[in-house]
Number of protein chains: 2
Amino acid sequence: MARAWHLKSRPDGMPTTGNFELKTFDLPKLEEGSLKVTNRWLSVDPYMRGRMNDVKSYVPPFALDAPMDGGAIGEVIESKAEGFAKGDLVLHMGGWRDEAVVTAKTALKLPDLGGADPQQFLGILGVTGATAYFGLLDVAGAKEGDTVFVSAAAGAVGSAVVQIAKAKGMKVIGSAGGKAKSDYVRSLGADAVVDYRAGPIVRGLAQAVKEVASEGIDVYFDNVGGDHLDAAFALARLNARFAICGMIEGYNKAEPSSFRFIMRIIAMRIRMQGFIVFDYQSRMEEFYAAMGAMLKSGEVKAQETVADGLEAMPDAFLGLFKGSNTGKMLVRL
Amino acid sequence: MARAWHLKSRPDGMPTTGNFELKTFDLPKLEEGSLKVTNRWLSVDPYMRGRMNDVKSYVPPFALDAPMDGGAIGEVIESKAEGFAKGDLVLHMGGWRDEAVVTAKTALKLPDLGGADPQQFLGILGVTGATAYFGLLDVAGAKEGDTVFVSAAAGAVGSAVVQIAKAKGMKVIGSAGGKAKSDYVRSLGADAVVDYRAGPIVRGLAQAVKEVASEGIDVYFDNVGGDHLDAAFALARLNARFAICGMIEGYNKAEPSSFRFIMRIIAMRIRMQGFIVFDYQSRMEEFYAAMGAMLKSGEVKAQETVADGLEAMPDAFLGLFKGSNTGKMLVRL
């Protein structure tokens, strides 16, 4: 019998392990055009928190008492679809479980990128890396010489943004929580780091801007929202561009976010743009080529935090909101 | 002796008449290249509140105990500049006073737009109208068929936005405070009006969206910020564009603004762009032609609230924050 995590109840605020239940379930019959896979790697991502609310968004909410889903890398154990054979490794959306039946058209056979680890397609070579790549270069239009501020810079997306920005000749300021993560962000090449646990972010960011000898930030890559976003308003230069990727600070709270410096959007002609990486699906080939090259050259390194076993999945997910991960958070089966 | 309003002290929060003092001052000697003008019309604008703080912004702060300035229409009484003669009407920045000496290169001889009233160059044919025109059509990129939400729609800029949007075939929802202003906004052609004194704006806007049979707003033209902006986040459709022109709600308060729905910027891929009309100075000819035509056809009507006499100036200015004006607020000398 296959096993999957089910959403037992919808969390109110911060989720707890009590919201989840690991249960056996019957795999659907393998129809023509489908694959049966056994999962090797499962992804936990902040956006999944939104799916736990009963609210329509860009991804449908999780149903209660049904197997949850999400990004996963699995090995094909039975194929009824052309182009897929037993033993193939595939990226698919049947995560949060050990085995899955998926339609072939929603599965991607992993491209050969010269020895990349398969789990990298859930991270630096997957949605995570593509979010960083398109958000920084396309949504924010960041260019060589720009001063870029990245929040949650030790996280999966943030650490990719830092490295891409450095590879492209930008000045980078990253924020992180605590000394270990701040050191990690600096090791990625960031020119300055703001430790958001050490004091008000706006003061730390002002100091960091001075350190990198900049007049302010040209680009803000937002993973956090709240005080981070407010600090970015405060330190933005004329014609700054903000790519709004996530606002993890607000995912588990009901209170509104407060902004003291939002009015600077006018005087500084700030452009803010929200985005979702799925909008860039047609440009994934470009991304694989570019990110593959940066990995090969060593300009970008994949960093992962790995938890072992299906049982560990809820804790791995909850860890995203406690800052437990450095780089991409994964569950290995 | 010429008389001018001086800033006596910097306001803390909402300004009072005590912050201003009407004093005589010596006009500078008329140098080569300059004009002496006697003012006919003076402009009061919300952006002037920002100049009363001792903070560098896109316009320098007012100095204490010195003649204030701002937009004005005056008649040339003496000219030492080529191209300007006694009797010419000019638009210039020597406002808040009855007489001024200005350099010719900072003065604009009023173009002949077929019988437009001179004071219209401080309003619908001036910075006010240009703000509405470029903000709506260029910054927000509003197009025929879009549903446009305009805050402070009975105000100088807002009422121009409503009329331009209707002239271009858009659905328009305007917000206004109280019944008289709401009726005025409807008389301008708005398809629905939200009276922000009648209840929470987000509820009113949701109702208005239903009334105009729209799935949400495509464009938000922001003059107010705060709850209005939050309501726009809540009701935005996919790929909505927000032109951020002003946030008058926050000009006189120290507390930060709170947003409950700002996270929708991500799911809806909202683009927010702050702007200042001065960035469009090179395109004013285009504006005069387009707005002149809309005035002539009757698609746009100039609405003014007029106060009389230099003494009335501080009260006219303070009225902007109390909603005393319908359309452009002016002082006639």
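In helix α2 of chain A, residues A:T128, A:G129, A:T131, A:A132, A:Y133 and A:L136 meet A:A156, A:V157, A:A160, A:V161, A:I164 and A:A165 of α3(A). By class, this contact of α2(A) with α3(A) has nine nonpolar, three polar and no charged residues. The model is predicted.

**Helix pair in chain A**

- Helix α2(A) spans residues 127-139 and helix α3(A) spans residues 156-167; their axes come within 8 Å and cross at roughly 50 degrees.
- Because of that angle, α2(A) counts as oblique to α3(A).
- The crossing in which α2(A) passes α3(A) is right-handed.

**Contact between chains A and B**

- Chain A contributes 26 residues to the contact, and chain B contributes 26 residues.
- On the side of chain A that touches chain B, the elements giving two or more residues are β13 (257-259), α7 (264-267) and β14 (271-274) of chain A.
- Of these, β14(A) gives the most, with four residues.
- The residues on this side of chain A divide into 15 nonpolar, eight polar and three charged.
- Strand β13(A) pairs with β13 of chain B (residues 257-259) in the antiparallel sense, over three bridges.
- Within that pairing, A:S258 has B:S258 in β13(B) as its bridge partner.

**Sheet with strands of both chains**

- An open sheet of twelve strands with mixed pairing runs in the order β10(A)-β9(A)-β8(A)-β11(A)-β12(A)-β14(A)-β14(B)-β12(B)-β11(B)-β8(B)-β9(B)-β10(B).
- At the edges stand β10 (192-195) of chain A and β10 (192-195) of chain B; each has a single partner strand, so one side of each is left without a neighbour in the sheet.
- On average, neighbouring strands of this sheet are turned by 15 degrees against each other, direction ignored.
- Within chain B, strand β11 (residues 217-222) and strand β12 (residues 236-244) pair in the parallel sense over five bridges.
- The bridge partner of B:V219 in β12(B) is B:R241.

**Helices across strands**

- In chain A, helix α6 (residues 226-235) lies across β8 (147-150), β9 (171-176), β11 (217-222) and β12 (236-244).
- The angle at which α6(A) runs to β11(A) is about 170 degrees.
- In chain B, helix α5 (residues 201-211) lies across β8 (147-150), β9 (171-176), β10 and β11.
- Helix α5(B) runs at about 170 degrees to β10(B).

Definitions and conventions:
Residues are numbered from 1 along each chain as its sequence is written. Chains are lettered from A and ligands numbered from 1 in the order in which they are written. This is a predicted model: local features need pLDDT of at least 70, side-chain atom pairs count only at pLDDT 80 or more; totals for chains, interfaces and linings use all residues. Two residues are in contact if their C-beta atoms, placed from the backbone, lie within 7 Å. Ala, Val, Leu, Ile, Met, Phe, Trp, Tyr, Cys and Pro count as nonpolar, Asp, Glu, Lys and Arg as charged, and the others, Gly among them, as polar. Two strands pair if DSSP finds at least two bridges between them. Axes are lines fitted to C-alpha atoms, for helices over the stretch in contact, and angles run from 0 to 180 degrees between N-to-C directions. Angles under 35 degrees count as roughly parallel, over 145 as roughly antiparallel, 65 to 115 as roughly perpendicular and the rest as oblique. A crossing is left-handed if the near helix is turned anticlockwise from the far one by less than a right angle, and right-handed if clockwise.
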